[in-house]
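Subject: Structure for your files

Hello,

Here is the structure you will be working with. My notes on it follow below.

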Amino acid sequence: MLDTLLPILIAASLALAVIGAWRRVRLWRQGRSAPVDLLKGLAAMPRRYLVDLHHVVARDKVMSNTHVATAGGFVAAAVLMVLVHGLGLAQGVLGWALLAASATMFAGSCFVARRRRNPPARLSKGPWMRLPKSLMAFSLSIFAITLPAVGLLPEDFGSWILALALCTVLVWGLGEMVFGMTWGGPMKHAFAGALHLAFHRRAERFSTKGGEGNRSTGLKALNLDDRDAPLGVETPSDFTWNQLLGFDACVQCGRCEAVCPAFAAGQPLNPKKLIQDMVVGMAGGSDAHYAGSPYPGKPVGEHEGSADGPIVAREGKALVDADTLWSCTTCRACVEECPMMIEHVDAIVDMRRFLTLEHGNTPNKGAEVLDNLIATDNPGGFDPGARMHWAADLELPLMRDLQQAEVLLWLGDGAYDMRNQRTLRSLVKVLRAADVDFAVLGDEERDSGDVARRLGDEATFQSLAKRNIATLSKYRFKRIVTCDPHSFHVLGNEYGELGGDYEVRHHSTFIAELYDAGRLHFKPWKGGSVTYHDPCYLGRYNGEFEAPRNVLRALGIEVAEMERSGFRSRCCGGGGGAPITDIPGKQRIPDMRMGDVRETGAELVAVGCPQCTAMLEGVVDASAEVRDIAELVADALIAAPASTGERSQTQEAQAAEVL
Amino acid sequence: MSEILRRDPRKEWIARNRLHPQHLEVLAELGGGAASEWVGPNGLVRRNPHVVGFMGPNGLKRIDRSGVQQGAGGGGAAKAATQSKPLVEIESPAFLVAVVPDMAGGRLTGHDRDLLGLARQLADADPAAPGAVLAVIFGEHKEDGFAEAGIDRLLHLDGPDVEGFAPEARLGALVAAEEAWTPRHWLIPDSKLGGADLGRRLAARLGERPATGVWQIEASAEADLGWSCTARGAAGTLDIQRSLPRFALALAECAEPVSDTRHAASELTLPQALPAQLSRIEDLGQVAVDPAGVALSEAEFILSAGNGVRDWDGFHHAAEVLGATEGASRVAVDDGFMARNRQVGATGTWVTARVYVAVGISGAIQHLQGIQSCDKVVAINMDPGCDMIKRADLAVIGDSAKVLEALVALVEQAREEKRNAA
Amino acid sequence: MTVLVSVGRHPVTGRSRRADQDARGVELARTLPGAEIGLLHAGRLDEGNEAALRGYLGMGFDALTLIEQPESSDALPALAEALKAAPPQLVIAGERAEQGEGSGLLPYLLAERLGWPLVSGLAAVEEVSGGVATVLQALPRGQRRRLKVRLPAIVTVDAAAPAPRQSAFGPAQRGRLEVSEAPVAADVEMAEWQFKPARKRPKRLKIVKAASARDRFKAAAAKAEGGGGQVLTDVTAEQGAAAVYKLLKEEGVLR
């Protein structure tokens, strides 16, 4: 009886899966078109899955092994099942292989079950709680059905009741694992995830045989010249189709939620919920079935939307509230952690673009800052002619006079900030001590456009960027050095699309290079213990984790690392315009970060970003002093040892005059 | 009293004898209050340098000869001087300079006085043909210093028509004044208190183009009226040099107020009564404004809380009793005790309060920037070394909760007394 | 209703922008439910001005009527004609322009010419019904006065009126500028004036006029006031409170 029933069951489930897949594909195709090389993507998919995705998953060893056993076992078992039971090729090695595959899958599903016994808060519950049982049902029933096929049990073992019971379990297993994969349910992640990897909108993120992928963190530009093109994302269907596909790939593992600074601060953002809301919107409906942690302070079930309905309502509620989108600091911790390579920040900025460019609804000081950027080219509304006032006594060489220099020192808007001026003075002292040929743009410099872009004002960003590019194109220089990671990121990664390609260095990288070249000499460190805070826009955005640490090491400082450092560093709360939009939470992000610092017992926290400095220095009753790396280096400068000659002593004397 | 000097030998003797128990008393009696000088037996004033002076910083006795220590004598003379300002009367003026002061709160404002000073400049320019300053005031007033402010003629229009916001009635009166006397100049304060509005209405009605935002005038032979003026234009970003027209709306500090002379301030009346007008604007009166609802940037009196405040109920109660608008430092807002729109400082609201009471605020630089334009700053704080204390005009070091409590008690007590007295 | 809008000028950089007070006027108009709002501008159309005028369209309007006029001409006749041709119930204007003379006279002259009542310095329009508008006038220090004015009327807005909403790029780009012609009246008088960037006004000196030499000397030798206020340490809460109370009383902020 099983011999006739099994092929029917398998064929039926495959047919249903095809129907489900068609429906799913239709949902994704609601999105805007996007240029993707389909065949090339599919060809690259296995490598992206096995290398890049597992590189992220492998950060959790147990989970990684569990997934290898379960998923590997399932894929093997499913293929073999079709061959053995669907096509009746039970002879020989195939049957035994199927037994082994289903056994491996069962072993894996036991680990899945164990994790589901006391799941951490970040995991979604609901349908996900039945997944281990479904996995077991599938693997066990396949195993049992295969036993007679390889001859371990007689063909007519047990009664027809047993066979029927086995079939029922198998139907469950097939339903969840094959039909559910495409129609919807926990296993959807396998189908959508595989295609998402193949058609990812940032293909350059993935490694190829030729080498590692790059971090690909720059936002993609909007076409502002096309009057009919919608500005940003209003409805779920305004996303590109592969973005929608990416949302569907979410496994709701909640790693993003666990690292999100806004979520931890009690601001109404949870990256996982946001992605799930997009999935809800794509298919239409309410978020009542969502079974994970909600946005802090916003109960589940009050929001609903549809593919062509607004995501954020002008008044009242729609799919997502605006303050959820404005809570994001664009720190990319979620993207860094996501095993499915979902691009949360892109989606958030896309939606912000609509709010700013079409609704004109940038919250709190956002509108004022954008107006300032438009009218004065800096977010503070200061006189553009006062940009160099801080350096009146330094006699900084101007590009306008020199026309060329080896290094163009990009000052950033920190030039207006008294705290950051100390950092800049230190950096100038260091550059002079190392005898670097540098110049500044002076009053010709404008805001890089970072804040405008993160606030969704693509128009202002592009206006600033184009004018900056025009200014930069007048002069000849080898590289740009800046002490602002935000300018660094924008100049280095986002101006390229608008026609400005520059070699940009963060000052910590540049100082490290100068030190390695023997152009800087430091006296030994005498202070207390020091920790280092990785700025998001330097670390996660640009992968520069080592240079600042090398500089600190060269100063003789042994960094007492915080628990969350390097690529897992927690944001200071200063990015993405978050201090401007200022969405209230239960606590402040910089306070939490200063708490991290306190745990290390460090007396001083070294930073490399004006935003981080400002945010961390704003913490009341801080346990540690905040210093920029440039300041630490400037303080430790000494003349070169006698062997290197007199020249550097004169430099030192010059440098001493600077401060 | 007779001119003959009467001598009392006993007192003279005591005065000479420094060891006499009544020595000082007698000296004081002879000196008319001060023990340092007295009239000697020959009618000469005798001085005793031993009883004047003060101990200098290095322990030596110093005598200040600037007159500060000379007792109460000086005050009376100064008072007499104010009363003896020369009275200037202009019987038959060559022309009139009309001024319409704001009279906010029934008194001449500083701006009004500046304008009257400007009017005097115009009126007194030619000593041969002096003009007279005519002030037109509306409604009841409490001012008694019209003469000292430099007003020669006063047209006081009273009555229910011109009370409150009655631009149309007032405009009618000014037009009547124009018809009656045709002043050579009309000067009106360019102020939010009403002058800016009324002046523009008048000029528009009479069809003459006024100068607005005038802050300086200079004599000029080329101009029709003999004066040129500098006026602010384009929202205060331009200076416009032009000849002074008949109508000028002038800014505060356009001239020095009158201080040396007194004037007649004689009352005038309009030759005929004002016609009754049908007003198209009806004044429904001032609206009671809850101080808590006043925008921080506009508030006059702010009670602001910072990190040092523990007793929040007490703070809110104090703000209510004092009738102050509540403000907060960034920390208090971040900690969720106050709403975001209450934040004072460079990152919050720049405030312009006349009195700013900072409770438990240490004074971060951003906060101090935000209160730059406050007149009086009071700090109540535990830490005597913080920056807010340095900024404050009055600082009380102590437990803010207790000070506020005591302050609330004082205010309530004062109100109680007032109620009982009334 | 119609809002008169002008091209503003940023106080720091001098770039053209939507004028702050006119934008407040637009916002005020938008607070009225169901109002049909038209934007009207008289002036020259060039690139800088267009960007500024589009700033108003970005507040959510499809079109703006622009009466083209050469620079430094008198906009009054053109505006008066336009308003007379299609009289709105309420005309909202800013208090004064950010460019040119900026005398703030235009609404008054318009009112005089049209024979309409004018109310200045509004903080809010509470209600418009039955040919009468109930409005709140802003007084200094956050105080308000309620007025009723017969329509049609001209009102000007105060800085206390609600802050203008952000101008959104999308609608600003899509909105139309409907250009119309009108006779031009040259401003002859203004041509004779000299314009200079505003000079900082000198701070008023404290001139002491005293009758006697001694008084003058005393005033000159007097220690400058301020520079560190009074600090009360080691006082009881009651003494401290009394000092604060005295100051509040002197300043007259206690009612």
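I will start with a loop in chain C. Pro152(C) sits in the loop between strand 10 (144-150) and strand 11 (153-157) of chain C; strands here are DSSP runs of E with at least two residues, helices are runs of H or I with at least four, and both are numbered from the N terminus. The peptide bond that leads from Leu151(C) into Pro152(C) is cis, its omega being near -5 degrees. Arg332(A) is not a glycine, yet its phi is positive, near 65 degrees. For background, most residues other than glycine have a negative phi, and most peptide bonds are trans.

Before the rest, some notes on the basis. This is a predicted model, in which local features need pLDDT of at least 70 and side-chain atom pairs count only at pLDDT 80 or more, while totals for chains, interfaces and linings use all residues. Residues are numbered from 1 along each chain as its sequence is written, chains are lettered from A and ligands numbered from 1 in the order in which they are written, and side-chain values use heavy atoms, with hydrogens and water left out.

Interfaces

Between chain C and chain B, the contact (heavy atoms within 4.5 Å) takes 79 residues from chain C and 81 residues from chain B. The two chains bury about 7,100 Å² between them, 55% of it from carbon and sulfur atoms; buried area is the accessible area, with a 1.4 Å probe, that two parts lose on being put together, summed over both. On the chain C side, Arg141(C), Arg201(C) and Arg204(C) lose the most area to chain B, together 12% of what that side buries. Eight salt bridges are found across the interface of chain C and chain B, a salt bridge being a side-chain nitrogen of Lys or Arg within 4 Å of a carboxyl oxygen of Asp or Glu. Glu101(C) and Arg242(B) meet in a salt bridge, with 3.2 Å from N to O.

Chain B also touches chain A, with eight residues of chain B in contact with five residues of chain A. About 580 Å² is buried between chain B and chain A, and carbon and sulfur atoms carry 40% of it. In chain B, the residues that lose the most area to chain A are Arg330(B), Asp334(B) and Arg340(B), together 58% of what that side buries. The interface of chain B and chain A has two salt bridges. Asp334(B) also forms a salt bridge with Arg588(A), where the closest N and O atoms are 2.8 Å apart.

Salt bridges overall

Over all chains the count is 82 salt bridges. One within chain A joins Arg353(A) to Glu458(A), with the closest N and O atoms 3.1 Å apart. This pair links distant parts of the chain, 105 residues apart: Arg353(A) is in helix 14 (residues 344-359) and Glu458(A) in helix 19 (residues 458-472) of chain A.

Axes are lines fitted to C-alpha atoms, for helices over the stretch in contact, and angles run from 0 to 180 degrees between N-to-C directions. Angles under 35 degrees count as roughly parallel, over 145 as roughly antiparallel, 65 to 115 as roughly perpendicular and the rest as oblique.

- Helix 4 (residues 93-117) and helix 5 (residues 131-150) of chain A pack at about 160 degrees, with axes 8 Å apart. Helix 4 and helix 5 of chain A are therefore roughly antiparallel.
- Helix 2 (residues 38-57) and helix 7 (residues 188-198) of chain A cross at roughly 110 degrees, and their axes come within 7 Å. Helix 2 and helix 7 of chain A are therefore roughly perpendicular.
- Helix 17 (residues 418-433) and helix 26 (residues 629-636) of chain A pack at about 45 degrees, with axes 8 Å apart. That makes helix 17 oblique to helix 26 of chain A.

Regards
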